[in-house]
Amino acid sequence: MLGNGIIRSNGQLWAHQRKIIAPEFFMDKVKGMVGLMVESTVPLLKKWEAAIDAKGGLATEINVDDDFRSFSADVIARACFGSSYVKGKQIFSKLRTMRTTITKQGFLFGHNSSRFLPNNKKVSTLEREVELLIWETVNQRQQECLDKSSGQKDLMQLILESAVNDASVAPQKFIVDNCKNIYFAGHESTAITASWCLMLLALHPEWQSHIRQEVAKVFTNGLPDADSISRLKMVTMVIQETMRLYPAGAFVTREALEETRIGNILVPKGVCMWTVIPTLHRDPDIWGPDANEFKPERFINGVSKACKSPQGYIPFGLGTRLCLGKNFAMVQLKVLLALIVSKFTFSLSPSYRHSPVFRMLVEPEHGVYIQIQKL
Ligand code: HEM
């Protein structure tokens, strides 16, 4: 599903791809995207307001998941690719179907290649359709770049140039694989984290109040900007605690490139090690006896004071392969949560059924339903 893009590649090819993509998500670049993140939040806020108005202002049930997916799809498409949302939306929905089809077969990443399995035929068809759509978007983007000849290059343009200039890679595969990687890594992980945040905030109205007070103090004119976003301490703590309890990415994997000793375990060359993030994040030896409870206050003095070991908290992984969208995801989540909580009050709907499920990412199996009212 992810081809040979940045997520699955190693060695020279990985280093080359990381060098192109990572700078696009450095904090100074991300700070410049706060405005477009706010713009992408507005339709969601309006949609929820209209739903409440339609009920005469009474508490209204809302399923948040699809709206969060649309929001993060919009942000990533506009921030990185300048592509039209309509095409982006089709790509995301096909990638999502691929992800759920693959995980139905019980595989983690990649799928059994036997063409006799009925689901594999579906996955291959979806794969072809996704590649075609991405390629159309690339062509459209190439034309836009020619028309505008703008000095500012976005991620799509950088990937395009790199593919054309590098003789060691097949340009079409390089572009399609990396677009799929960014769409996949950047879109659903953020949307799912936002769903878990709303579920936990719905259960903890006192944290909605803390966020509201903070937002009132920090935002001028009720809207975030690059400076005020970095001062949202309560919002950050809520996101950190949510990602401790429900990290969207469930595993960090590493292959031993040579025989390696870890403590008193000898890991033979070629063995792949999987660290299960949710287990680590709920280990009472690292987090204390309240490890299963939602307590954002544990992060008040930062991650290093919240747990016994800095490697005990890894929602974005660690080391050289640390998630390169970490800043982008955090800022996006802060904008979204701050605006929602400053406009609405909400509780968990009786329709919500708690069932975290692993489908490459850990998501709420039946979605998150809330009862929401305007403030
Ligand atoms: C809340 C949202 C997100 C979570 C929980 C998350 C989590 C992760 C995790 C656990 C890894 C593996 C790190 C490792 O192996 O040490 C990872 C890698 C990665 N993430 Fe994210 N991520 C999120 C958002 C994003 C966004 C928004 C983007 C891009 C726009 C992104 C792009 C990537 C890429 C490209 C990698 C592979 C990095 C490499 O192998 O060099 N992620 N992410």
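**Around the iron and its ligand**

In the UniProt record, an unreviewed entry, the annotation "binding site" covers Cys-323; such annotations may be inferred rather than shown by experiment. The model here is predicted, so local features need pLDDT of at least 70 and side-chain atom pairs count only at pLDDT 80 or more, while totals for chains, interfaces and linings use all residues. Residues are numbered from 1 along each chain as its sequence is written, and side-chain values use heavy atoms, with hydrogens and water left out.

Cys-323 turns out to be the only protein donor of the ligand's iron atom, with its SG at 2.3 Å (donors are N, O and S atoms within 2.8 Å of the metal, or 3.2 Å for Na, K and Ca). This cysteine sits in the loop between helix H14 (303–306) and helix H15 (326–343); helices are DSSP runs of H or I with at least four residues, and strands are runs of E with at least two. Cys-323 is partly exposed, at 30% relative accessible area (buried is under 20%, exposed over 50%, with a 1.4 Å probe and protein chains only).

What surrounds the ligand? A set of 23 residues does, and the closest are Trp-14, Arg-18, Arg-254, Arg-321 and Cys-323 (a heavy atom within 4 Å counts as near). Helix H8 (171–203) is among the elements that each supply at least two shell residues, and H8 gives the most, with 5.

Oxygen atoms of the ligand also come up against side-chain N or O atoms: 2.7 Å for Trp-14, 2.8 Å for Arg-254 and 2.9 Å for Arg-321 (polar contacts are pairs of N or O atoms within 3.5 Å).

How values were computed:
Polar contact = N/O pair within 3.5 Å; in protein donor to acceptor, adjacent residues only side chain to side chain.
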